[in-house]
Amino acid sequence: MTMPQQYPFSGAGLGLRRALMSPLLSLSDDDISFMEVAPENWVNVGGRLGRQFREYTERFPFLCHGLSLSIGSPAPLDWDFLKDIKQFFSEHKVLSYSEHLSYCSDSGHLYDLLPIPFTEEAVRYVADRISQIQDFLGQRIIMESVSYYAVPEGDMSEIEFLRGVLEEADCGLLLDVNNIYVNSINHGYDAEEFLRAIPGERIAYGHVAGHFVEAEDLRVDTHGADVIDPVWTLLNKAYELFGAFPTLLERDFNFPPVAELLQEVSTIRELQDGVIEMQSLEAQAQQDESHTSTTDNSVVLTA
Ligand SMILES: [Fe+2]
């Protein structure tokens, strides 16, 4: 049975990158609700940069989004690395840890996030590794389904594989709507249909990002461009289906001025607010309707 999952962050966030450390010093506390970093880039960083990083972690709620866990790899889990990040999470009061549902190493690092074959065997293998990590960290971790280019072998669909892992590992989901959009074009499926099959109760938070248009039928998930309208529309659809879950803008290079990044963060917040308002109006209308029908019934009963 699925346990309800409560995560201690909400609203609209922004990924902190080294190139943004100085430009973001001008942020006001209301500009963003939370931040996210790759722990691999910050464990054991000291000196001036380390102090600057701590100022951010003391000021904003922080999440970690890992790069090198390689959950689908045949290689053993890197327990030394996991010890380091557990310590790092405690030093910086990191609220949650997310990773990619992929692998990036076998005996050595492959420097890319590769999809895991969509098979029952892989579901069990990956879920067991996630469970071991959750036990070690003492918290649920959050898995993100990745964008992929080569189609892995397998006897399940992508969504069946994703649902299987989330259920068996009892972990959270990081819903990246840009990944869904990019995959839907590269692999020819309907993004909204995929979205509707997502187990919404598993969503911990979302990502939104820009991508590169290599060709009409080939998109590359670069995080180096503005978010395009169809991806905003997909995010809004996700909010309509699952509620206004916390969402973070990922931008990894080709950085625009901070004001433009914050404008995209504001767009996330506007979509969230719009859906929250619409859903509270709908709830109110339903309440009014049930009140009216109760009153009608009482009139009939007492007549
Ligand atoms: Fe992402």
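## Close-up views of a predicted model

**View 1. Val165 sits in helix α4 of this predicted model.** Val165 lies in helix α4. Helices (H or I, at least four residues) and strands (E, at least two) are DSSP runs, numbered from the N terminus. Residues are numbered from 1 along each chain as its sequence is written. The model is predicted: local features need pLDDT of at least 70, side-chain atom pairs count only at pLDDT 80 or more, and totals for chains, interfaces and linings use all residues. Val165 counts as buried because it has 24 C-beta neighbours inside 10 Å. A residue is buried if 20 or more other C-beta atoms lie within 10 Å of its own, exposed if 12 or fewer, and partly exposed in between; C-beta atoms are placed from the backbone. Leaving aside neighbours within four places in sequence, Val165 is in contact with Leu101, Val123, Val126, Ala127 and Met143. Two residues are in contact if their C-beta atoms, placed from the backbone, lie within 7 Å. Val165 and Asp128 are 37 residues apart in sequence. Their C-alpha atoms are 9.2 Å apart in space.

**View 2. Helix α3 packs on helix α4.** Two packed helices are described by the angle between their axes and the distance between the axes. Helix α3 covers residues 120–137, and helix α4 covers residues 158–169. They pack at an angle of about 40°, with their axes 8 Å apart. Axes are lines fitted to C-alpha atoms, for helices over the stretch in contact, and angles run from 0 to 180 degrees between N-to-C directions. α3 and α4 are therefore oblique to each other. Angles under 35 degrees count as roughly parallel, over 145 as roughly antiparallel, 65 to 115 as roughly perpendicular and the rest as oblique. The crossing of α3 and α4 is right-handed. A crossing is right-handed if the near helix is turned clockwise from the far one by less than a right angle, and left-handed if anticlockwise. On the α3 side, the contact uses Val123, Arg124, Val126, Ala127, Ile130 and Ser131. On the α4 side are Phe161, Gly164, Val165, Glu168 and Ala169. By class, this contact of α3 with α4 has 7 nonpolar, 2 polar and 2 charged residues. Ala, Val, Leu, Ile, Met, Phe, Trp, Tyr, Cys and Pro count as nonpolar, Asp, Glu, Lys and Arg as charged, and the others, Gly among them, as polar.

**View 3. The largest nonpolar core has 70 residues.** Ile130, Met143, Val165 and Val177 have the most contacts inside this core. A nonpolar core is a set of buried Ala, Val, Leu, Ile, Met, Phe, Trp, Tyr and Cys residues joined through C-beta atoms within 7 Å. Ile130 touches Ile71, Ile141, Met143, Ala169 and Cys171, not counting residues up to four places away in sequence.

**View 4. Helix α5 is mostly covered.** In α5, 7 of its 10 residues are buried. They are Val177, Asn178, Asn179, Ile180, Tyr181, Val182 and Asn183. The cover over these buried residues includes β7 (142–145), β8 (172–176), α6 (191–196), β9 (203–209), β11 (218–220) and α7. Just after α5, Gly188 takes a positive phi of about 65°.

**View 5. Helix α5 packs on helix α7.** Helix α5 (residues 177–186) and helix α7 (residues 229–242) meet at an angle of about 120°, with their axes 9 Å apart. α5 and α7 are therefore oblique to each other. The crossing of α5 and α7 is right-handed. Val177, Asn178, Ile180 and Tyr181 of α5 make the contact with Pro230, Val231, Leu234, Leu235 and Ala238 of α7. The residues of this α5 and α7 contact divide into 8 nonpolar, 1 polar and no charged.

**View 6. Tyr205 lies in strand β9.** Tyr205 is buried because 26 other C-beta atoms lie within 10 Å. Leaving aside neighbours within four places in sequence, Tyr205 is in contact with Tyr7, Leu174, Phe245, Pro246, Thr247 and Leu248. Tyr205 and Asp226 are 21 residues apart along the chain, and their C-alpha atoms are separated by 20 Å.

**View 7. Asn44 and His223 take positive phi values.** Phi of Asn44 is near 70°. Asn44 lies in the loop between β2 (34–37) and α1 (47–59). Asn44 counts as exposed, with 8 C-beta neighbours inside 10 Å. Phi of His223 is near 60°. His223 lies in the loop between β11 and α7. His223 is partly exposed, with 18 other C-beta atoms within 10 Å.
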